[in-house]
Each structure stands twice: as structure tokens, then as C-alpha cells.
Amino acid sequence: MDNRFLAIAYKGKAIKPKWHCFYKSPEDRKIAIERFFDNLANEQQLKEEQREGKQKKRSELAKKIAPGTLLKGSWGYDQTNVDFYQITKKFSQFKVGIARIAEEEVPNSRQFDSCRVRPVKDKFISQEEIHIITSFGIKTSLSTLRIIEPDSEHYKSWGR
């Protein structure tokens, strides 16, 4: 068309083209097409590497989690809410039972609108819930829970 060469590229089952362009020569068009397929291959390889990395992190985290392991989740917008959980059962490699546990204020840590708290192991304040271990932790409706040490202290604020 007018001494120009057209190329249209689609990805997967897409109806809409990924790109379409006119080129001055068949060689320029060939280079663009090869670059497109190289980029697709690189993108696929990167996705596979990311998936393998997530699976590896998830497996490593699952090995660290056993009944009695303590977890912490933090949430809030204008204040910092902290929830502590304990693993009650491990049903499978990635499926666990958790229950919320009580917290205690660290002596002499109270400020105007905050304090430091620590978990109280085996003092359950909720029923057991079943959750799945992800590569980042254990996802709940409010936060993602992460493993903590039993004697660790955590900041908590309640706003004004």
C-alpha cells in the first residue's frame, strides 16, 4: 500500500491487535516482527520465574509454620491496630487453623495515644478459622499475618 509494508500482531486469543504499523521496507517489518516474538518469549520466561519464586517462598514459609507459631497482623488508617494469632492446627502443607489470641501492654510503654503490646500465647479470644498460606503470609480479611517471636513488642495507637 503506497510502497509501505504492513504488520499486525495479536497476542494469544486477543481480538484487538497488540500493535499494527506500516514499514518502509520488508526488512524493517521483519525486524519488528522478530522483536515482537522475542519480547513475548522474554515476558513468558519472566512470568515463569516469578511463579517459581512465589512457590519457593510459599514452601519456605510453610516449613516454618507449625502449631503454636505466633502471627501478627497490622491494619488501620489513622491509627495502628495490631492483632495477634496463633496456629492451632496444620491441616496440610498450605492449609492451617488459626485463632486470635490476647495481647498485653508492655509496662511503662504507654504514651498519649499509643503503647507497645506483646502477644499472650495460648490465651485464645476467638474461634479457630481455616486459612491458606501464601508467599507473603496468611491472608485474613483485615491484613496479612506474618510470623513473630513470642517475646516481641509491637507499636499500637488508638488515635485521638
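How many disulfides does the count come to? By the rule that a disulfide is a pair of cysteine sulfur atoms within 2.5 Å, the count comes to 0 disulfides. A disulfide is a covalent bond between the sulfur atoms of two cysteines. C115 is buried, with a relative accessible area of 3%, while C21 is partly exposed at 33%; here buried means under 20% relative accessible area, exposed over 50%, and partly exposed in between, computed with a 1.4 Å probe on protein chains only.

This is a predicted model, in which local features need pLDDT of at least 70, side-chain atom pairs count only at pLDDT 80 or more, and totals for chains, interfaces and linings use all residues. Residues are numbered from 1 along each chain as its sequence is written, and side-chain values use heavy atoms, with hydrogens and water left out.

## Salt bridges

Side chains of opposite charge can pair when their charged atoms come close. A salt bridge is defined as a side-chain nitrogen of Lys or Arg within 4 Å of a carboxyl oxygen of Asp or Glu, and by this rule the count comes to 8 salt bridges.

Strands (E, at least two residues) and helices (H or I, at least four) are DSSP runs numbered from the N terminus. E103 is partly exposed, at 28% relative accessibility.

A network of salt bridges links E104, R116, R118 and E153.

E43 and K47 are 4 residues apart in helix α1, so about one helical turn separates them. E43 is partly exposed at 31% relative accessibility, as is K47 at 42%.

## Loop and strand residues

S25 is found in the loop between β2 (19-23) and α1 (26-64). This serine is buried, with a relative accessible area of 17%. The side chain of S25 reaches the backbone nitrogen of D28 at 3.2 Å.

Most residues other than glycine have a negative phi, and most peptide bonds are trans. N108 has a positive phi, near 60 degrees, although not a glycine. Its place is in the loop between β5 (95-105) and β6 (114-124), and N108 is exposed at 83% relative accessibility. D122, likewise not a glycine, has a positive phi of about 70 degrees. D122 lies in strand β6 and is exposed, with a relative accessible area of 52%.

K95 lies in strand β5 and is partly exposed at 36% relative accessibility. K95 and A62 are 33 residues apart in sequence and 9.0 Å apart in space, C-alpha to C-alpha. Not counting residues up to four places away in sequence, K95 touches K90, I130, H131 and I132, where contact means heavy atoms within 4.5 Å.

How values were computed:
A polar contact is a pair of N or O atoms within 3.5 Å; within protein, one must be able to donate a hydrogen and the other to accept it, and residues adjacent in sequence count only if both atoms are side-chain atoms.
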